[in-house]
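Trainee: Please take me through one part of this model in detail. I would like a close look at where two of the chains meet.

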Protein chains: 4
Amino acid sequence: MQIGIIGLGKMGFNLAQNLKRNGHEVIGNDVNRDLVEEFIKQEGLKGAFTLEELLENLSGRRIIWLMVPAGTITQTVIHQLTPLLKANDIIIDGGNSNFKDSLLRYQSLKEKEIGFLDCGTSGGMEGALNGACTMIGGEDEVFAHCEQIFKDISVENGYLHTGAPGSGHFVKMVHNGIEYGMMQAIAEGFEVLSKSNFKLDYEKVARVWDNGSVIRSWLMELTERAFSKDANLDQLKGKMFSSGEGKWTLETALDLGVPTPVIALSLMMRYRSMEDDTFSGKVVAALRNEFGGHAVEKK
Amino acid sequence: MQIGIIGLGKMGFNLAQNLKRNGHEVIGNDVNRDLVEEFIKQEGLKGAFTLEELLENLSGRRIIWLMVPAGTITQTVIHQLTPLLKANDIIIDGGNSNFKDSLLRYQSLKEKEIGFLDCGTSGGMEGALNGACTMIGGEDEVFAHCEQIFKDISVENGYLHTGAPGSGHFVKMVHNGIEYGMMQAIAEGFEVLSKSNFKLDYEKVARVWDNGSVIRSWLMELTERAFSKDANLDQLKGKMFSSGEGKWTLETALDLGVPTPVIALSLMMRYRSMEDDTFSGKVVAALRNEFGGHAVEKK
Amino acid sequence: MQIGIIGLGKMGFNLAQNLKRNGHEVIGNDVNRDLVEEFIKQEGLKGAFTLEELLENLSGRRIIWLMVPAGTITQTVIHQLTPLLKANDIIIDGGNSNFKDSLLRYQSLKEKEIGFLDCGTSGGMEGALNGACTMIGGEDEVFAHCEQIFKDISVENGYLHTGAPGSGHFVKMVHNGIEYGMMQAIAEGFEVLSKSNFKLDYEKVARVWDNGSVIRSWLMELTERAFSKDANLDQLKGKMFSSGEGKWTLETALDLGVPTPVIALSLMMRYRSMEDDTFSGKVVAALRNEFGGHAVEKK
Amino acid sequence: MQIGIIGLGKMGFNLAQNLKRNGHEVIGNDVNRDLVEEFIKQEGLKGAFTLEELLENLSGRRIIWLMVPAGTITQTVIHQLTPLLKANDIIIDGGNSNFKDSLLRYQSLKEKEIGFLDCGTSGGMEGALNGACTMIGGEDEVFAHCEQIFKDISVENGYLHTGAPGSGHFVKMVHNGIEYGMMQAIAEGFEVLSKSNFKLDYEKVARVWDNGSVIRSWLMELTERAFSKDANLDQLKGKMFSSGEGKWTLETALDLGVPTPVIALSLMMRYRSMEDDTFSGKVVAALRNEFGGHAVEKK
């Protein structure tokens with residue numbers, strides 16, 4: 001099939017290669033002209049420097065795959081794209097948009113008879129290139145029209161029409177919440193190892209845990225890989241950035257009244273890691289000093 | 001090699017089959033005569049109704065694999081076994097013993113010149129049968145003597161001499177702590193799914209998450225399997241039993257000063273699940289009523 | 001001063017008595033005519049069955065105190081009230097409104113030259129009657145005009161102009177977040193006491209803790225009072241309802257990137273208490289069964 | 001009554017003044033001769049440079065109050081003291097000993113017919129001086145003999161015979177667990193305030209919260225006091241030391257199967273505050289980089 005991709009960053013670029021390898025015709029666009037030029041250099045890939053040019057290169061029922069940052073940028077691109085589209089054209093948002101936004105976008109595009117699929121894409125850059133995991137929300141007919149794309153870019157059993165519009169990004173969001181929890185669990189385990197008196201080889205521990213154990217997982221494989229590059233992670237700072245989906249999962253859980261302590265704490269330890277010192281710590285230190293005369297550490 | 005196994009329950013029985021398949025000669029013992037009789041019925045497996053009989057059937061440097069419940073029973077078996085052993089014989093504790101106990105046992109057996117290996121065994125019953133993950137603590141020479149056993153019963157790259165005595169059970173304990181966290185993370189995610197307005201097929205979601213996603217893992221595969229048997233887990237109660245290793249991980253983390261919120265909360269949600277009503281809940285309800293006249297639910 | 005109160009429930013009724021005792025002239029209104037009629041029966045209190053009647057009874061720069069449920073009802077009352085007001089009149093929202101809503105309301109009323117103060121009111125029903133704690137956000141001039149009211153209804157040092165519009169409800173919201181944490185801390189402590197082997201008299205423990213200890217507090221005094229009525233809280237169910245402010249505090253903390261594990265968990269244990277059984281518990285139970293053959297409890 | 005005090009640090013010194021003011025005859029001892037000399041300088045207080053000298057100065061049924069650090073030092077002092085005592089003499093351990101140790105000490109002293117009371121003492125240095133909160137475990141007869149002491153040194157309603165030996169330190173331990181939770185709750189609240197856009201005066205907020213609000217408490221009074229000395233706590237580092245009782249409360253909760261998330265997290269945030277960077281943070285950062293190519297911060 002013919003697919004236009006908007007957003008040629010790490011994920012979009014890899015996805016385009018994946019699509020091409022599976023016999024699809026890909027035309028790529030990005031606001032960054034350099035990325036478009038590099039894209040064009042790849043054998044078998046076409047580029048477009050404007051949205052208009054992109055759409056001109058697509059025929060029939062046009063499919064536009066967005067792979068741009070969630071939030072304002074996704075909103076802007078859809079805003080610019082919509083007047084250029086015609087009835088039956090399809091936008092697939094393959095990024096990490098909030099499922100509530102996706103639902104609103106579906107409804108808004110529906111009024112213009114433009115199809116919309118919200119596609120949560122997991123598997124990282126490697127997955128985007130070699131076989132991803134895709135969770136797709138949207139109308140049956142629109143999904144059916146695009147199903148072959150999802151089938152081709154995903155690993156076996158790695159795509160799912162999750163249901164109604166919004167459900168793709170919803171399921172992906174929850175996936176990320178689980179991911180936060182799993183990563184923090186692994187991280188806590190290794191910190192316990194690191195503080196013990198045993199002399200342990202973290203890479204070897206990660207490898208044995210990834211082979212035959214109950215906790216074998218892709219994340220454990222990646223843990224092994226990370227330790228193979230830097231045996232004690234001496235070169236890294238432990239700053240744990242977060243990009244929204246863990247927070248959304250927690251906010252959604254709060255709205256639904258679901259206790260999610262592990263997801264909550266995984267997120268909060270990330271927040272904590274961004275602070276060198278904390279105001280809350282100062283308050284507790286001050287209180288201990290007030291009632292018990294306990295020593296405080298001055299700056 | 002010749003191996004005596006004490007403890008023919010689910011794990012020990014499967015492990016014996018695994019050893020036999022790999023060409024080892026296995027003699028099994030259990031305090032439960034029925035289990036020994038069933039064991040003997042298996043082609044190629046020998047049984048012993050007493051420890052004395054077990055040891056008589058082993059020659060040279062004898063290797064005894066314990067696969068019995070941690071704590072008192074393991075202690076009792078070692079206590080009974082020790083006077084029957086001679087210098088250089090080897091006890092492998094393949095159960096979930098506390099690593100501190102294992103260290104003490106190592107030291108105590110060392111005085112009698114009896115070898116001791118603490119072997120954490122992961123992978124569940126399937127692993128015990130078809131290929132486990134083993135983490136082994138103990139002296140180099142003793143490990144080297146037994147290495148072929150661990151290599152044979154484990155999947156490829158699935159065994160590791162973790163280091164000093166106690167380290168095998170220590171690494172296995174931390175593994176279980178991580179396991180608690182991962183399971184709770186998955187469980188929280190599915191509870192969020194279950195409370196949402198989207199109609200989701202949990203088995204399909206688990207399947208897609210197990211194929212190509214960042215959170216693909218054996219636990220996700222098992223989640224899929226569980227939902228395939230009971231689509232909404234309607235037949236289960238959500239009681240989450242725990243058998244000690246999560247608690248030990250947390251206690252160890254406290255001793256080492258390591259913040260492990262995810263492991264802690266995974267354990268505490270298990271404890272919470274064992275209570276129908278809580279005294280803490282009553283206290284909060286009573287307080288809300290005292291200051292705000294908020295309604296309380298009476299029994 | 002003359003004050004119109006809208007909302008004659010537990011809090012509004014008590015507050016009116018408090019104002020009257022301090023020499024203010026109070027006219028009360030409620031959508032529930034019965035409450036108005038009961039209000040009128042109180043010596044020295046006037047009632048109004050409609051907003052129009054209420055406003056007619058006030059002269060000069062009119063002050064209307066809202067003591068109605070946060071959210072839709074507050075919004076509706078303000079919506080109905082606004083066209084009846086004239087420039088310089090003042091609305092005080094004494095309820096538990098979300099500070100973001102209060103800020104919007106301030107701005108919207110500002111365009112109509114109507115003054116607005118957001119007043120967080122703490123101290124429970126007793127405080128409303130005998131001396132509350134009030135935290136007031138709003139413009140200096142508007143606050144100054146009403147300051148005597150806040151001074152009169154509050155205990156000594158118990159009122160504060162917190163600053164800009166919205167800050168009163170913001171500070172009150174955070175107060176409630178702390179309240180959640182303190183209550184859960186107390187509740188956990190008593191649950192530990194209750195599970196121990198010591199035979200303890202909870203009322204006496206609460207009393208001694210409320211006299212001279214580091215944790216002496218009004219909440220501990222209320223704990224003592226609760227146990228004095230029901231020594232083991234046998235008559236209560238441990239359902240911990242929540243009415244929004246803890247959730248808002250947590251959501252705000254997430255927006256601000258502040259780790260607030262204690263407030264988060266206090267809220268989540270409330271959510272947990274509303275569930276008899278959990279889907280997450282079923283998932284963990286099912287997983288333990290899958291990998292370890294661990295027993296599950298069937299329904 | 002005559003009371004010998006061993007341990008003339010901050011708490012013991014203040015307690016001695018408190019006892020003297022209430023008409024008791026106090027003889028003080030400390031391993032640090034300087035402290036004894038300073039003690040003697042106080043009007044009406046006697047000092048003893050050795051345990052022998054201390055005991056010689058006491059007559060009849062001797063009462064020795066220990067106010068020394070829990071653990072090894074308490075154990076050592078009791079070990080040295082015991083052979084010098086005679087039947088019916090009484091040791092009161094007023095420190096923060098682990099209740100399990102206190103129970104063992106009671107039993108051991110019981111064999112020698114020496115009385116033992118475990119007295120948890122709360123209220124900080126001010127309480128020790130002016131009126132403390134005391135929770136006392138031990139036999140009825142021994143408690144009755146000493147009751148006047150506890151009554152005198154405590155505020156009104158501020159002493160309690162909690163019950164069996166060990167129960168005093170047990171109740172004090174749980175008190176400290178609650179204290180951890182309350183302090184962390186307050187601290188989290190102030191951190192939320194500090195990150196908001198509102199300009200808030202923390203001292204004033206603490207003051208208003210301490211007057212009439214639901215969360216009024218001695219800790220809030222101390223919070224106000226701390227901010228009055230350093231408006232933004234700029235001079236402090238947020239290192240939250242801990243001295244054992246929070247950890248014991250959590251360990252006890254784990255043993256009893258009580259979910260105590262707030263106490264657990266209060267302790268863990270203290271641990272976290274002692275680390276500048278974390279190994280767990282590095283693991284998460286490394287994993288995010290592995291699967292998503294997310295930027296990591298290098299050292």
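**Where chain A meets chain B**

Mentor: Between chain A and chain B, the count of salt bridges is zero. Keep in mind that this is a predicted model. Polar contacts do occur: 10 residue pairs between chain A and chain B are in polar contact, both at pLDDT 80 or more.

Now the extent. Chain A brings 66 residues to the contact, and chain B brings 66 residues. The area buried between chain A and chain B is about 5,600 Å². Carbon and sulfur atoms give 79% of that area. On the side of chain A, Val192(A), Phe198(A) and Val214(A) supply 13% of the area buried against chain B, more than any other three residues.

Next, the elements. Those of chain A that give two or more residues to the side touching chain B are strands E7 (132-137) and E8 (154-163), along with helices H8 (167-195), H9 (202-209), H10 (218-229), H11 (245-256) and H12 (261-273). H8(A) gives the most, with 18 residues. By class, the side of chain A that touches chain B has 36 nonpolar, 21 polar and nine charged residues.

For a helix pair, turn to chains C and D. Helix H12 (residues 261-273) of chain C packs on helix H8 (residues 167-195) of chain D at an angle of about 110°, their axes 8 Å apart. H12(C) is therefore roughly perpendicular to H8(D). H12(C) makes the contact through Pro261(C), Val262(C) and Ile263(C). H8(D) uses Gly181(D), Gln184(D), Ala185(D), Glu188(D) and Gly189(D). The residues of this contact divide into four nonpolar, three polar and one charged.

How values were computed:
Residues numbered from 1 in each chain as written. Chains lettered and ligands numbered in written order. Predicted model: local features only at pLDDT ≥ 70, side-chain atom pairs only at ≥ 80, totals over all residues. Heavy atoms only, no water. Axes fitted to C-alpha atoms, helices over the stretch in contact; angles between N-to-C directions. Helix = DSSP H or I, 4+ residues; strand = E, 2+ residues; numbered from the N terminus. Parallel < 35°, antiparallel > 145°, perpendicular 65-115°, else oblique. Contact = heavy atoms within 4.5 Å. Nonpolar A, V, L, I, M, F, W, Y, C, P; charged D, E, K, R; others polar. Buried area = accessible area lost by both parts, 1.4 Å probe. Salt bridge = Lys/Arg side-chain N within 4 Å of Asp/Glu carboxyl O. Polar contact = N/O pair within 3.5 Å; in protein donor to acceptor, adjacent residues only side chain to side chain.
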